[in-house]
Amino acid sequence: MIGYEIFIRSFADSNDDGIGDFRGIAKKVDYFKMLNIDLIWLTPHFKSPSYHGYDIIDYFDTNSSFGTLEDFRYMVETLHENGIRVVIDLPLNHVSDRHPWFKAAMEGEKPYVDYFLWAQPHFNLLEKRHWDEELLWHNRNGKVYYGVFGGSSPDLNYENPEVVEKSLEIVEFWLKQGVDGFRFDAAKHIYDYDVKEGRFRYDHDKNVIYWQLVMDKARSVKGGNVFAVTEVWDDPEIVDRYAKTIGCSFNFYFTEAIRESMQHGTVYKIVDCFQRTLTKKPYKPSNFTGNHDMHRLAQMLPQEEQRKVFFGLLMTTPGVPFIYYGDELGMKGMYDSTFTEDVIEPFPWYASLSGEGQSFWKAVRFNRAFTGASVEEQLSRENSLLKEVINWTKFRKENEWLENAWIENVTHNTFTIAYTVTDGINGIRVYVNISGHHESHEGVSLKPYEVKIM
């Protein structure tokens, strides 16, 4: 199985308003099939006031810019008819400050007051997020509430059983609309504030128990055929705890290790990553090219040959590989928490950025016309990145056993790494040279930036 993340607004426009939408995605089935995609992950499609959609006003309705619920179901049915499953992004940790629940809570209405976390005398209201120094507590009209992801996104209070039950209703609703599963956003943040001590603290035990409830609900609705992947950006040992329950987890260390190793010219971090995250596990890892919260792959690896090696590593390692839309073309973009639009630019179908289906909801900064990073240009160029990616995804489809495999017998020198991938029955030995010069490893000669399968 090969996954593909889509930021809906940027992908494909079906009604000429410049905004990507559900029916636009449905029209691009041939592209997904060319790329051998089995699974689409859609970033939030719910009613929301923001361009990114992670602050939700209504969990049971779509963003009208993308289409109606009927359009959504049409897209799902079209993808299903072509053998492609659909996973939706589900941010359950917080809602929009425009959500009816929060509005009612601000008015003091029961039961909604207890849907959120409010300041108490022993709380440190000046406490900041550990990753960027933003405040955790927000004052509005004299009422102080908790919002890890900003004042416009108040956290839900999962100590309240009613909130837990509401979240399970949301899961059931979308499975009944035909989706095949979920990407669980901010999975370790469901319980991340210690009320007793009055401070920020991840409670991994309680989080895992909650996600088990969610998975039990999902399987009761859809049977065993539910695909779920969790976003836990943490040490591999912490990731393991969530992944065992949910079944699959994004392997952030994979993306970071390969990018940094190729920038620095040594494989040591890749070796550490493989030995810590890709040995035999009771779940499926999900290695990926990048996502909407990271610098674009091409921004970090400016040489196309380096990116080809990345895809070679991605498609010869265990689990469920994901491609972030446009990484197969060499789209660029620098992530900035204030300007996240720079990594979600419109997908370039045409060299001119103009034509049927082209979205253009924002001016482009990084991926301008006639710069080579378009489907049109990549398909017309011999040995392009896109053509290389198609070759690798074809290999992956022909070797589906890799999904349930693991890595063993990792060896390396400064510039090369070799590893065996096996599921106990099938197996391959992979040799990779991340440098721009010839290398030899275990008697195998490797050209610059070569991935060789034995």
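Aspartate 180 sits in the loop between helix H6 (161-176) and strand E8, where helices (H or I, at least four residues) and strands (E, at least two) are DSSP runs, numbered from the N terminus. This aspartate is buried yet has no salt bridge. Buried means under 20% relative accessible area, exposed means over 50%, and partly exposed is in between (1.4 Å probe, protein chains only). A salt bridge is a side-chain nitrogen of Lys or Arg within 4 Å of a carboxyl oxygen of Asp or Glu.

Keep in mind that this is a predicted model, where local features need pLDDT of at least 70, side-chain atom pairs count only at pLDDT 80 or more, and totals for chains, interfaces and linings use all residues. Residues are numbered from 1 along each chain as its sequence is written, and side-chain values use heavy atoms, with hydrogens and water left out.

**Aspartate 180 and its neighbours**

- The nearest side chain of opposite charge to aspartate 180 is lysine 222, which is 4.2 Å away; for charge, Lys and Arg count as positive and Asp and Glu as negative, while His and the chain ends are not counted.
- What aspartate 180 does have is a polar contact, side chain to side chain, with histidine 80 (2.7 Å).
- A polar contact is a pair of N or O atoms within 3.5 Å; within protein, one must be able to donate a hydrogen and the other to accept it, and residues adjacent in sequence count only if both atoms are side-chain atoms.

**Salt bridges**

- Side chains of opposite charge can pair when their charged atoms come close.
- Searching the whole structure turns up 27 salt bridges.
- One of them joins arginine 183 to glutamate 231, with 3.4 Å between the closest N and O atoms. Arginine 183 is in strand E8 (residues 181-184) and glutamate 231 is in the loop between strand E11 (227-230) and helix H8 (236-246), so this pair ties together parts that are 48 residues apart in sequence.
- Arginine 183 and glutamate 231 are both buried, and they belong to a network of salt bridges that links Asp89, Arg183, Asp185 and Glu231.
- Lysine 269 and glutamate 260 also meet in a salt bridge (2.7 Å, N to O). Lysine 269 is partly exposed at 31% relative accessibility, and glutamate 260 is partly exposed at 28%.
- Arginine 429 pairs with glutamate 442 in another salt bridge (2.9 Å, N to O). Arginine 429 lies in strand E17 (residues 427-433) and glutamate 442 in the loop between strand E18 (439-441) and strand E19 (444-446), so the pair connects parts that are 13 residues apart in sequence.
- Arginine 429 is buried, at 11% relative accessible area, whereas glutamate 442 is partly exposed, at 42%.

**Pockets and cavities**

- Here is how the spaces are found: on a 1 Å grid over the protein atoms alone, a cavity is a set of points where a 1.4 Å probe fits but cannot get out, and a pocket is an open set with protein on both sides within 12 Å along at least five of seven lines; lining residues have an atom within 4 Å of a point.
- Grid points are joined across faces, edges and corners, and a volume is the space filled by probe spheres set on the points.
- The largest pocket holds about 1300 Å³ of space. Its lining has 42 residues, and the closest to its centre are Trp131, Phe149, Asp293, Tyr335 and Ser337.
- Helix H9 (residues 252-264) gives the most to that lining, with four residues.
- By type, the lining of the largest pocket splits into 15 nonpolar, 16 polar and 11 charged residues. Ala, Val, Leu, Ile, Met, Phe, Trp, Tyr, Cys and Pro count as nonpolar, Asp, Glu, Lys and Arg as charged, and the others, Gly among them, as polar.
- The whole structure has three cavities of 30 Å³ or more, and the largest cavity holds about 110 Å³.
- Of the 16 residues lining the largest cavity, Pro236, Val239, Phe250, Asn251 and Thr277 are the closest to its centre.

- Most residues other than glycine have a negative phi, and most peptide bonds are trans.
- The peptide bond from lysine 110 to proline 111 is cis, with omega near 5°.
- Phenylalanine 370 has a positive phi, near 60°, and is exposed, with a relative accessible area of 60%.
- Glutamate 442 has a positive phi of about 55° too, although it is not a glycine.
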